[in-house]
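Let's walk through this one together, strand by strand and helix by helix. Have the model open as you read.

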Amino acid sequence: MQSKQEVVVTGIGMVTPLGFEYEEVWNKLITGENGVRRLGRDYEEIIKHDIYVAGVSPEVSFDNFEKLDQRKKSKLKNMNKATKMIIYSGLKALEDAGLDTAVDCEKYNIGSIIGTGTALVDRYEGISIDERNPSWFLETYPNIMNGYLSIIASLKGYGSTIVNACVGGTQAIGEAFKKIQYGEEEILLAGGVDDKLSNIYASGFSRLKMSSSSYYPEIASRPFDENRNGLVFGQGACCLVLESLDCAKKRGANVKGKIVGYGNSMDAESIIDTSSKGKAKAMRRALDDAKLEAKDIGYINAHGTSTIINDKEESLAIKEVFGEYANKIPISSTKSLIGHTFAACGVIQSFVCIKSLESQKVHGNRNFKSGDSHCNLNYVKSAHSDVKMNYCISNTSGLGGCNSSLIFKKV
Amino acid sequence: MNKREEKIIEMLSEILGIEDIVDTITLDSNLVNDLGAESIDFIDICFQAEKIFKIGKVQATDIFPDGLKNDVEFSEGKLNKLIREYPYIYGELLDKIKSKKSYEPLLTVRAISSYVEWRLANAK
């Protein structure tokens with residue numbers, strides 16, 4: 001049997017409520033800058049569902065991509081926000097990895113795996129089917145975004161779209177990791193994207209009492225805090241270029257991070273109510289995959305959605321996996337700063353883990369003041385904390401009862 | 001160039017993402033070879049033409065005969081059959097086909113213009 005390849009991250013690209021440039025986004029995260037804002041009149045459809053704040057990502061522009069011809073740039077104008085965000089992130093990640101030409105993509109047979117949400121084609125809401133541009137129908141296919149990305153970035157290798165609620169992005173990274181680890185692919189672009197800031201999703205999450213009805217953007221997202229009252233919507237996309245260490249060395253690529261473990265589970269209990277058992281199992285399987293023990297992990301980037309149930313069950317799961325050490329290990333949720341970016345969150349969290357290991361710093365849990373009888377662990381209170389660590393873990397869970405964890409190693 | 005033709009060229013520039021209209025799009029531009037249109041763009045062209053000229057439903061095959069891209073062999077018999085099936089093939093468009101001895105003009109901007117002209121003239 002062929003020996004496993006070491007898998008590294010050589011490119012990062014993103015669109016988040018805190019901006020596009022990842023160094024800048026990281027600096028904002030560790031200084032505790034808030035990416036959540038009050039929704040204005042242009043979001044009346046959302047506000048009527050008692051959702052007043054969100055992590056809104058800025059509009060992207062493709063003007064600065066010099067290697068993209070004008071025809072492609074112009075075609076991007078009419079695409080929906082999620083498609084633009086994933087294409088922007090993908091192009092940026094490839095550029096960051098030094099693989100931004102069609103020749104590079106052909107040479108390494110680069111493909112892409114994208115985690116995304118369902119496609120409800122909300123932008124056509126209110127327009128009768130006969131009045132819609134017939135191409136609206138294509139947008140109902142969640143993989144169309146990856147299709148457009150492949151055309152714009154000239155990706156002709158393996159392609160897949162993962163629709164698995166909020167673990168989609170994590171699984172895109174995880175599946176790409178495995179394909180490279182087992183030598184099936186040399187380089188893959190893996191990412192996640194979601195934009196649920198629409199009438200349909202706002203209505204759904206609000207009626208299920210899963211979203212925060214807070215009017216105050218400064219304090220709405222408060223994972224693990226005793227006063228948390230639901231998730232805050234966030235828009236975003238993030239892509240990573242994954243490749244074998246051998247390939248990165250041969251190319252002379254700058255290695256930014258290393259992935260060493262990936263684990264999944266399903267709760268098989270409830271569609272909505274997440275379970276500590278499933279979360280613990282995903283973490284354990286990731287640890288087993290990395291051949292590590294819980295005590296080797298120096299930081300947990302939690303799913304931490306700011307819902308009553310997730311944060312309770314995740315804290316219980318951490319106690320179950322980490323035992324006594326659970327009280328010491330620093331934990332923070334990126335959602336406290338940018339809201340919940342759904343299928344994109346696992347990829348943004350992966351970026352956070354990579355930067356945390358590189359800088360030996362972890363960002364804080366914005367708005368965490370004090371926990372409760374279940375949420376009584378070491379949630380980072382300050383804007384950031386210095387942490388000496390060799391490994392960290394990123395957790396995600398999603399509706400339907402799916403859980404997925406990734407483990408990263410210091411380069 | 002008349003108003004209808006100008007509108008069609010403007011419509012194509014939007015759909016196909018062509019900013020430099022003057023140097024790029026003429027009535028004889030081939031939608032595929034010169035302007036880079038693909039299948040989804042033909043659907044969009046029909047949809048936008050419906051809206052702009054208010055000519056009712058338009059299917060891509062109403063303008064562009066099936067298999068045109070592959071059918072390169074020209075014959076008078078085939079042309080006459082096409083003229084019967086596609087009554088918008090007349091005037092300058094027909095002259096171009098005859099002079100070139102090719103159906104290629106049916107994939108040009110001129111074909112869309114001729115089709116729209118015919119639809120407007122034959123509106124109930």
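Which residues point one way from strand 13 of chain A, and which the other way? Tyr391(A), Ile393(A), Asn395(A) and Ser397(A) go one way, while Cys392(A), Ser394(A), Thr396(A) and Gly398(A) go the other, and all are buried (20 or more other C-beta atoms within 10 Å of a residue's own, with C-beta atoms placed from the backbone). Before going further: this is a predicted model, where local features need pLDDT of at least 70 and side-chain atom pairs count only at pLDDT 80 or more, though totals for chains, interfaces and linings use all residues. Residues are numbered from 1 along each chain as its sequence is written, and chains are lettered from A and ligands numbered from 1 in the order in which they are written.

Back to strand 13 of chain A, residues 391–398: eight of its eight residues are buried, so the rest of the structure largely encloses it. Helices (H or I, at least four residues) and strands (E, at least two) are DSSP runs here, numbered from the N terminus. Strands pair if DSSP finds at least two bridges between them. On that basis, strand 9 (residues 297–301) of chain A runs parallel to strand 13 of chain A, joined by four bridges, and Ile300(A) has Ile393(A) as its bridge partner.

Now for the helices. Helix 10 (residues 276–290) of chain A packs on helix 11 (residues 308–322) of chain A at about 45°, with axes 8 Å apart (axes are lines fitted to C-alpha atoms over the stretch in contact, and angles run from 0 to 180 degrees between N-to-C directions). The two are therefore oblique to each other, the label for whatever is left once angles under 35 degrees count as roughly parallel, over 145 as roughly antiparallel and 65 to 115 as roughly perpendicular. Among the residues making the contact are Lys279(A) and Arg284(A) of helix 10 of chain A and Glu313(A), Glu314(A) and Glu320(A) of helix 11 of chain A.

Helix 4 (residues 81–96) of chain A and helix 6 (residues 144–153) of chain A pack at about 40°, their axes 9 Å apart. That makes helix 4 of chain A oblique to helix 6 of chain A. Their contact includes Ile86(A) and Leu149(A).

Technical notes
Two residues are in contact if their C-beta atoms, placed from the backbone, lie within 7 Å. A residue is buried if 20 or more other C-beta atoms lie within 10 Å of its own, exposed if 12 or fewer, and partly exposed in between; C-beta atoms are placed from the backbone.
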